Amino acid sequence: MAMLEVKDLHVHYGVIEAIKGISFEVEQGEVIALIGANGAGKTTTLHTVTGLIKPTSGSIIFEGKDITRTPGYKIVPMGMAHVPEGRRVFAQLSVYDNLMMGAYTRKDKNEIKENLHMVYERFPRLEERKTQMAGTLSGGEQQMLAMGRALMSQPSIILMDEPSMGLSPIFVNEIFDIIKRVSQSGTTVLLVEQNAKKALAIADRAYVLETGMISLEGDAGELMHNDAVKKAYLGE
Amino acid sequence: MSFVAHLINGISLGSVYALIALGYTMVYGIAKMLNFAHGDVIMIGGYVVFVTASGLGINPLAAIIVSMAACTVLGVTIERVAYRPLRGASPLAVLITAIGVSYLLQNVALLVFGSDTKAFSNVVTLQNLELFDGQLIIKSVTIVTVIVSIIIMVGLTFFVKKTKIGRAMTAVSEDQGAAQLMGINVNGTIAVTFAIGSSLAAVAGVLLCSAYPSLTPYTGSMPGIKAFVAAVFGGIGSIPGAFIGGILLGVIENLSKAYISSQLADAIVFSILIIVLLVKPTGLLGKKALEKV
Ligand SMILES: Nc1ncnc2c1ncn2[C@@H]1O[C@H](COP(=O)(O)OP(=O)(O)OP(=O)(O)O)[C@@H](O)[C@H]1O
Ligand SMILES: [Mg+2]
């Protein structure tokens, strides 16, 4: 059974249907890329999976449990973390406090400490800046903080919404390296990206979303050589 | 000496404003809404103490605790029934609802307690402080109100900065969606905020009625509006700002009454607010831009 199963999902904003019946699966340990043009519904999909928006119909099964109607705050402790589009760090809290917010649902102080240590190891810049207000970090640093914050909940799956958006090429490479390492450490990754080339390069499988529907899906390596994908998303 | 006396009266009134403003600012700071019914929760708190202490004759301190409990339940219920269904609605819809709740509370009080003025007996029965051979008398209720509002301001600041639920409140105030992604129960956190704000309203109600011992269904209305002005003055959302704004407002109001004109006092207070907001739109201690209401 897949770790995350989305079946025939429909999502509306008022009368507008943003997601028109999509289904996809994420297996334990996979990196899945979800690519698509602006407004295709990628963010809406992630928001629905983590409970920020309620779908009109369809179901979301996570580790065998139906979470379609579960309040979002109860999904986090089940092992799902979400790095939202635009980072959304808490600007008025310090870097350290932001990371601690990530561990909000956890109780064991020692485990949290170990986890913090691991995050600092992965993102040395965050440790250097731990007392700094998050709002004063650079865009790339904020992205690292948003990722570190999500990792503080010790997720079994992490959803990332355009983590490379607006970053310089060096930072983009760094972010993708980090995603690779997160995956190697055993965390399942569902990655939404504009940078289709890089996303397909690290993904196992991928789904292409077009105006609320999945138009293509398959092995990431194969999709990279698909003519339609090349033309629309790889700029070739 | 009369100037000092007026100043002290101003601080006395101002500390009541400060207490009410703390409740306003707390709810605005976290839930980003103006709970215009806050002043009327104070009035209800006053009636609860009146009924339990003067009516049933129970110990005033116990009466205050009963009143805090009653206001907490009332505040949480108002949030649950009137405001929560509007989460995500336009701020104007929420504001109009809050005004509706305010009228509702006034009219329920009118129905239950009648329109006649109740003589509230001061619960602060300590000795007044006499200075300079009795030339200057500071009422004990003034001293208690100032001390209580300082304690509450410090306590709230500590609570928001240092406790886990306090930090969750900060997270909710910044970004409800992101807070939920951390596993924070946003509705629960806002309910706690209302519980705290409303229990403060009960304390404010008791001290207001002790200092100005007449109680009607409209008792909370004007102090509520003034306290809202005080909160904006100090920088709405800022806890120390609400305190400073409240004290300043009380002092300005009293000195205007004493030296300029008692009819014009309110006009002067509001003019000063407008000037402060023109010079510093975020209020004295406010950081973020004031949102349109
Ligand atoms: N809060 C909202 N209210 C109404 N419509 C919305 C809302 N959020 C998104 N939409 C609409 O839903 C559609 C999908 O939006 P979504 O943000 O999911 O796209 P996306 O694929 O993430 O795009 P991008 O790559 O630009 O981030 C768009 O047409 C958008 O206008
Ligand atoms: Mg998006």
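Biologist: In which strand of chain B is the place of L131(B)?

Modeller: This is a predicted model, where local features need pLDDT of at least 70, side-chain atom pairs count only at pLDDT 80 or more, and totals for chains, interfaces and linings use all residues. Residues are numbered from 1 along each chain as its sequence is written, chains are lettered from A and ligands numbered from 1 in the order in which they are written, and side-chain values use heavy atoms, without hydrogens and water. Strands (E, at least two residues) and helices (H or I, at least four) are DSSP runs numbered from the N terminus. On that assignment, L131(B) sits in β2.

Biologist: Why does L131(B) count as partly exposed?

Modeller: Buried means under 20% relative accessible area, exposed over 50%, and partly exposed in between (1.4 Å probe, protein chains only). L131(B) counts as partly exposed because its relative accessibility is 31%.

Biologist: Which element supplies the largest share of the nonpolar patch?

Modeller: The patch is formed on the surface by L129(B), L131(B), F132(B), I143(B), I147(B) and I151(B), which have about 510 Å² of accessible area together. Patch residues have over 30% relative accessible area and no salt bridge; nonpolar side chains (Val, Leu, Ile, Met, Phe, Trp, Tyr) are joined within 5 Å, like charges within 9 Å. In chain B, β2 (129-131) and α5 (140-162) each supply at least two residues. The largest share is three residues, and its source is α5(B).

Biologist: Which helix gives the largest share of the shell around ligand 1?

Modeller: Ligand 1 is surrounded by 13 residues (a heavy atom within 4 Å), and the closest are G39(A), K42(A), T43(A), T44(A) and E85(A). The helix with the largest share, three residues, spans residues 42-49 of chain A and is α1.

Biologist: Is R106(A) buried or exposed?

Modeller: R106(A) meets E111(A) in a salt bridge, at 3.6 Å from N to O; the term means a side-chain nitrogen of Lys or Arg within 4 Å of a carboxyl oxygen of Asp or Glu. E111(A) is partly exposed because its relative accessibility is 38%. The relative accessible area of R106(A) is 10%, so R106(A) is buried.

Biologist: How many residues apart in sequence are the parts tied together by R129(A) and E141(A)?

Modeller: The side chains of R129(A) and E141(A) form a salt bridge of 3.1 Å, N to O. R129(A) lies in the loop between α5 (124-128) and α6 (139-151) of chain A, and E141(A) in helix α6, so the pair ties together parts whose separation in residues is twelve.

Biologist: Which residues form one network through salt bridges that share partners?

Modeller: The structure holds 13 salt bridges over all chains, among them one of 3.2 Å, N to O, between K118(B) and D116(B). K118(B) is buried at 13% relative accessibility, whereas D116(B) is partly exposed at 44%. The network joined through shared partners consists of R125(A), E128(A), R129(A) and E141(A).

Biologist: What is phi of K32(B) near, in degrees?

Modeller: K32(B) lies in the loop between α1 (2-31) and α2 (38-55) of chain B, and is partly exposed at 26% relative accessibility. Phi is positive in this residue, which is other than glycine, with a value near 55 degrees.

Biologist: Which residue has its backbone oxygen 2.9 Å from a polar atom of the side chain of T193(B)?

Modeller: T193(B) is in helix α8 (residues 186-211) of chain B and is buried, at 0% relative accessibility. The backbone oxygen at 2.9 Å from its side-chain polar atom belongs to T189(B).

Technical notes: Areas by Shrake-Rupley, 256 points an atom, 1.4 Å probe, with all protein chains shown as cover. Polar contact = N/O pair within 3.5 Å; in protein donor to acceptor, adjacent residues only side chain to side chain.
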